[in-house]
Structure formats: structure tokens, C-alpha cells
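Biologist: I am new to this one. Can you take me through some of its strands and helices?

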Amino acid sequence: MKIAIIGCGYVASYYLKTLSIHPQLELVKIMDKDTERANKFSQYYSIPACNSLADILIDPKIEMVVNLTNPRSHHSISKACLEAGKNVYSEKPLAMTIEESKELVEIARQNGLQICSAPCSLLSETAQTIWKGLRENIVGDVYLVYAEMDDGLVHKMPYKQWVSEFGAPWPYKDEFEVGCTLEHAGYYVTWLTAFFGPAQTVTAFSSCLIPDKVKDESLSPADTPDFSVACIKFASGVVARLTCSIVGPHDHSLRIIGEDGILGIKDCWYYGDPIYIQRMVKIRRKVFYNPLKEKYPLVKKAPEFDYRGAQEMDFCRGVAEMASAITEKRPNRLSMDFSLHNNELALAIQSALETGSCYRLTTTFDPIEPMPWAK
Ligand SMILES: NC(=O)c1ccc[n+]([C@@H]2O[C@H](COP(=O)([O-])OP(=O)(O)OC[C@H]3O[C@@H](n4cnc5c(N)ncnc54)[C@H](O)[C@@H]3O)[C@@H](O)[C@H]2O)c1
């Protein structure tokens, strides 16, 4: 499938790094509103650059647009692409409000197109193995999940020195203004909704603890939450507590607590992160979790990535899944309704503020299929 990328910033390099894993994808054009950046990207990766969005929209060969613009541009770019008859794979969040997200899904449906949103790490070897273990009742009935997306005190880190492979700086202003919840909740929300089904309610608290993160520049808005904690109740009865912050010490762990033990990992940003099971042991009159963790093997080894970093993810796996679903005329595992539901959850957590109350989800989705190699 011929695809185009719009938005040639920091994350675009990671897509280029993993594109070759998916030979069914052919990147034919790239575009960025910053023409200097687009030209630099074009030269570095030898992909033709276009000068305008219209150049992509009128090209009949392009079937799918990968929207890697900043979150506040997602809605307008995705809408223009859908209206021009292009399928859209969008970086997260799908949009900045639930009304905008619903509008995108509606336009896609009316035009017989698809739109879905990153992250696609649900398709990773680690997530698919956990899901298989849960289907096989490996830790018995699940009651509770603790998921953490804490990244440490990011404003204290030398973030102005972080640059992508081709030289794009990490967009710290945008990251702080959009906020860590909208940026990162999806990494676990997508896993939890796939494993346990649609969420019914979310009761959350979110707060901006460090308003002056960038000393010499003002942020707009200045008070985007940099901490959130949410309790999500799934229709299946499972409850999950999810924490997102750029304040709490780095912790990307997941613990799924079942009747017969804990199924857990250290970091969802690694496609091949090892999985463990912790069983309960009884010694005399005491019962506790065995400090010796059992290894739960991955159903398949994750690929070797051509980069090392704070994450090892196959960014293009979701793009490839969507392309294959369209070509094979089968449902996309990262379906539109699934993306919409996850976006609604992340938005509800972000906007809970300190007065948050119980939010009832207005969207749902049909059960999605595991990857064929993890059934
Ligand atoms: N930075 C990361 O580590 C990271 C990781 C995973 C996902 N993401 C996601 O990727 C997306 C992009 O993030 P980034 O870090 O690459 O940001 P970035 O600011 O580095 O790059 C975004 C690019 O989009 C361009 N752009 C913005 N609006 C546009 C428009 N209307 N038309 C054309 N081009 C436009 C900008 O000029 C910029 O070059 C975000 O949704 C973010 O959540 C980022």
C-alpha cells in the first residue's frame, strides 16, 4: 500500500526506523508545514517531499496517510485526509476533544474509510502473550490491575538536547502543553480495554504540580496536568488503577492481580519485555507473594530493532495492521471504535482535574481479535 507521512518531527524517525519490517508499506511522499524540516527529512531518508497538504490529498496513488503532526493538528489534518478519500493512521491522541474524535469516525464511516490511532503496542509480543495468558486463565479470575506510566522529573532532564536521528528536537513545549496523560495513558488503556472489554466508568483526579516547568518560556496552557490517577471500571467487573505523571519516579510497570497470582511486566515500551508470574505461597500461618518470580515465555520473540532508546517499539506495526486489514477486507484489530473508546478514556482522565467525578463512557467497541500467532 502506498502511504504518505504528514508531520516530519521527532517521532517520524522512529516510523522510518521500523518501516522496513513491513514490506507491504511503501512510503511515497512526506510533508510538513515547516518546509525546511520537510526538506531535511526528505534528503536524510531519500523520500520525496511535497510542498502542500493538497499535493498529498490529490494524489490518487496514496491510500493511507500517517498523521504524525502535533496533537492539536490531528483533527484538522485527519479530517482533510478523510474528506479527500484517504484512510488515516493517526498518532495519539485521535483528537483533543471527544466531539472531534466522534466527528472523524463518522466521516470515515460515511466515506467507507478507516481511521485509527496509535499506540499500537497492543500488537506487541509482550501484550499479545499477556492477553493469551489471561484467556488461558493463567492467574485465575482477575480482580484488579495496577498500571503505571510515570516518567520521573522530566523538566529536570536535559530535554533540550534530545534530538531524533535526522536532527528534530524533542518538542518539549508541545509535550508539556498537551500533557503526559493524553500523551501516555493510551499505552496501557489500549491493553486494558482489549483484555477486559469496554470501560463503563472512570473516576479520576488530575493536577498540575509544576506549572513553571520551562523557566524562560511560557506554556499555553500553563496548567496542563502533569499527574493523573484514574480508577477504571470495566463492564467485565475488573477495576484498574492507572497513574500517569512526569513527576513520579520512572515506572512503566503493569501488575494484573488474579485469584492465583500476579501477571506482570516492567515496561510496556519494550515490545519484547519479559513477563513474570508471582504466585502466592503459604508458609505455616502466613500467605504472601513468592519473591521468586516465574518466567512466562513470550509466544514469539520480538524483532531486533535498529535503534536503542528509552523504548523499543515497532511504530509501523499499527500502520501495517491497518493496511493489511484494508487489503484483506477484514476488521482492523485497532478498529475505529476501539480507538475512539480509548481516546474518550484518556480525555476523561486528563480533564478530571482536582474536582473530578465519576465519568460514564459514551462509546464502546466490538471485541477485537488477537494476532494470529498469539491465538
Ligand atoms: N516525541 C515522542 O517521543 C513521541 C513518541 C510517540 C508518539 N509521539 C506522538 O507523535 C506525534 C508527533 O510528535 P513529535 O514528537 O514528532 O512532534 P514534533 O513537534 O517533533 O513533530 C510534529 C511535526 O508536525 C508538523 N506539523 C504540525 N502541524 C502540522 C500541520 N497542520 N501540517 C503539516 N505539518 C504539521 C510540525 O511542523 C512538526 O514538524 C504526537 O502526536 C505525539 O504524541 C511522540
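Modeller: Start with a pair of residues in this predicted model. S228 stands opposite C244 in β9.

Biologist: What makes β8 and β9 a pair of strands?

Modeller: Pairing needs at least two bridges. Seven bridges join β8 to β9, residues 239-245, so the two count as paired. They run antiparallel.

Biologist: Which residue takes a positive phi in the hairpin of β8 and β9?

Modeller: G237 does, with phi near 105°. The hairpin has four residues between the strands.

Biologist: How do you know that β7 pairs with β8 too?

Modeller: Use the cut-off of at least two bridges again. Eight bridges join β7, residues 199-207, to β8, so they pair. These strands also run antiparallel. V202 stands opposite I232 in β8.

Biologist: Which residues of β8 lie on the covered face, and which on the uncovered one?

Modeller: S228, A230, I232 and F234 form the covered face. F227, V229, C231 and K233 form the uncovered one.

Biologist: Now the helices. At what angle do α8 and α10 pack?

Modeller: The angle is about 130°, and the axes are 9 Å apart.

Biologist: Which residues make the contact?

Modeller: Among them are L182, A185 and V189 of α8, and F338, L345 and I349 of α10.

Biologist: How do the residues of that contact divide?

Modeller: Into nine nonpolar, six polar and no charged.

Methods: Residues numbered from 1 in each chain as written. Predicted model: local features only at pLDDT ≥ 70, side-chain atom pairs only at ≥ 80, totals over all residues. Heavy atoms only, no water. Buried < 20%, exposed > 50% of the residue type's maximum accessible area, 1.4 Å probe, protein only. Axes fitted to C-alpha atoms, helices over the stretch in contact; angles between N-to-C directions. Contact = heavy atoms within 4.5 Å. Nonpolar A, V, L, I, M, F, W, Y, C, P; charged D, E, K, R; others polar.
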